[in-house]
Amino acid sequence: TFMADYLADVKKYDAGADAAVVDKIVKHLGIALRNRDSSLVAASDKAELDRVRDSWGVKKLGVDAAAAEAAVAKVAKTMAADHSKGRVTFYYLVAKELNKLATL
C-alpha cells in the first residue's frame, strides 16, 4: 500500500513516526501525491520551498513565516542526500521541527 511506503520513508528520518500522523499528512496532501512530480519536493526550487513555508508552515501549522522558513531550510538540509524528497516525509519533518505533530 502507498501508506506503508510513506510511513517507511518517514521512518528513515524518524524511527518512532506515528502512522496516524503520517496518514493525516497523506490526507492533507491528497491529489498532490497522485503524480510523481508533485509527490516530491524540489528543494532546489525557492518558489517550491516558499510554498511549503506558506501553505504548510504558516497556514496549516500556524507558525510565523520566519519559523516556517527556518524549519523548511533545516529539513531541506536533513534530506539533502535523498535525491527524491518525498512530500509526505518533507512535510512530516517540517511539522516535527516545529513541534506541531501533535496538532495535526
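Which residues are exposed on the other side of helix H4? They are Ala-66 and Lys-77, where exposed means over 50% relative accessible area, buried under 20% and partly exposed in between, with a 1.4 Å probe and protein chains only. This is a predicted model, in which local features need pLDDT of at least 70 and side-chain atom pairs count only at pLDDT 80 or more, while totals for chains, interfaces and linings use all residues. Residues are numbered from 1 along each chain as its sequence is written, and side-chain values use heavy atoms, with hydrogens and water left out.

**Helix H4**

- Helices are DSSP runs of H or I with at least four residues, and strands are runs of E with at least two, numbered from the N terminus.
- The buried residues of H4 are Ala-68, Ala-71, Val-72, Val-75 and Ala-76.
- These residues lie on the same side of H4, because they cover an arc of only 135° around the axis, taken from the directions from the helix axis to the C-beta atoms.
- The buried residues of H4 pack against helix H3 (46–60), strand S2 (85–86) and helix H5 (87–97), with contact meaning heavy atoms within 4.5 Å.

**Nonpolar core**

- A nonpolar core is a set of buried Ala, Val, Leu, Ile, Met, Phe, Trp, Tyr and Cys residues joined through side-chain atoms within 4.5 Å.
- The largest such core has 32 residues, and those with the most contacts inside it are Ile-25, Trp-56, Val-88, Phe-90, Tyr-92 and Val-94.
- H5 gives the largest share of this core, seven residues.
- Ile-25, leaving aside its neighbours within four places in sequence, is in contact with Trp-56, Val-88, Tyr-91, Tyr-92 and Leu-104.
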